[in-house]
Amino acid sequence: MSGEQQTKEKSVKLADIFQCTRCGYCCQGETTVSLDADDQQRMMDKLGLNREEISRQYWRITGKVVQMQIREHHCIFYDEESGCSVHEGRPWRCGQWPLHPSIIADENNFQTIRSSCPGINQEISYETFCAIFKQLLDGDGRLIC
Ligand code: SF4
Ligand code: SF4
């Protein structure tokens, strides 16, 4: 099914539940999301670096877990002026945040995430949020919009 067909058939849109304000809060902290194999390749392609180079400059590797390095309490790619400096090469979890499927499983997760992310629609109920959110997810829990 094409993206156009999907859009026609859906009666909801991402902006109904979330619009990023680019506040940068989710890029702060002492840890980052993990990069899967596709994330790693996409980031290498975006930066034009091989695995050895990108590992040395940008990644923190613990066993099989690859994450981004932290600088001054935020992701190494976060820039205060411009936000994510690797935007097109960012991990899929960054692109999906804060719309994590765990929100649907437990309202406490929703309340916790909503309190830290001003981009989530603060006006709608949990039930309405979930009803819309479910329509925006594929079978693997990834956004299809
Ligand atoms: S915390 Fe929410 S609104 Fe702020 S940058 Fe992250 S996703 Fe966007
Ligand atoms: S890759 Fe970009 S979006 Fe993801 S944590 Fe780092 S700065 Fe934020």
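Strand 1 and strand 2 pair up as a hairpin with two residues between them, and G63 in the turn has a positive phi of about 65 degrees. Strands here are DSSP runs of E with at least two residues, helices are runs of H or I with at least four, and both are numbered from the N terminus. Two strands count as paired if DSSP finds at least two bridges between them.

This is a predicted model, where local features need pLDDT of at least 70 and side-chain atom pairs count only at pLDDT 80 or more, while totals for chains, interfaces and linings use all residues. Residues are numbered from 1 along each chain as its sequence is written, and chains are lettered from A and ligands numbered from 1 in the order in which they are written.

**The hairpin up close**

- Strand 1 covers residues 59–62 and strand 2 covers residues 65–68; the two run antiparallel, joined by four bridges.
- If you want one pair to look for, R60 has Q67 in strand 2 as its bridge partner.

**The whole chain**

- The protein chain has seven helices and six strands, and along the sequence they follow the pattern α-α-α-β-β-β-β-β-β-α-α-α-α.
- Along its principal axes, the C-alpha atoms fill a box of roughly 45 × 35 × 30 Å.
- Of the 145 residues, 14% are buried (20 or more other C-beta atoms within 10 Å of the residue's own; 12 or fewer makes it exposed, anything in between partly exposed, with C-beta atoms placed from the backbone).
- Take the contacts (C-beta atoms, placed from the backbone, within 7 Å) between residues at least 6 apart in sequence: 62% of them join residues at least 24 apart.
- The chain splits into domain 1 (1–18 + 98–145) and domain 2 (29–89), with bounds from an automatic or database domain assignment.
- The centres of domain 1 and domain 2, taken over C-alpha atoms, sit 26 Å apart.

**Around the ligands**

- The shell around ligand 1 (residues whose C-beta atom, placed from the backbone, lies within 6 Å) includes C20, C23, C26 and C117, along with R22, W97 and P98.
- By class, that shell around ligand 1 has eight nonpolar, three polar and one charged residues (Ala, Val, Leu, Ile, Met, Phe, Trp, Tyr, Cys and Pro are nonpolar, Asp, Glu, Lys and Arg charged, and the others, Gly among them, polar).
- Ligand 2 is surrounded by C27, T32, M68, C75, F77, Y78, C84, V86, R90 and C94.
- Sorted by class, the ligand 2 shell comes out as eight nonpolar, one polar and one charged.

- Most residues other than glycine have a negative phi, and most peptide bonds are trans.
- R22 isn't a glycine, yet its phi is positive, about 60 degrees; you'll find R22 in the loop between helix 1 (3–9) and helix 2 (37–47).
- R22 counts as exposed because it has 10 other C-beta atoms within 10 Å.
- E72 also has a positive phi, near 50 degrees, and is in the loop between strand 3 (70–71) and strand 4 (74–75).
- With 8 other C-beta atoms within 10 Å, E72 is exposed.
- The peptide bond from W97 to P98 is cis, with omega near 5 degrees, and P98 lies in the loop between helix 4 (92–96) and helix 5 (102–105).

**One to find: E80**

- E80 is in the loop between strand 5 (78–79) and strand 6 (83–84).
- E80 counts as exposed because it has 8 C-beta neighbours inside 10 Å.
- E80 and C23 are 57 residues apart in sequence, but their C-alpha atoms are 9.3 Å apart in space.

Terms used
Contact = placed C-beta atoms within 7 Å.
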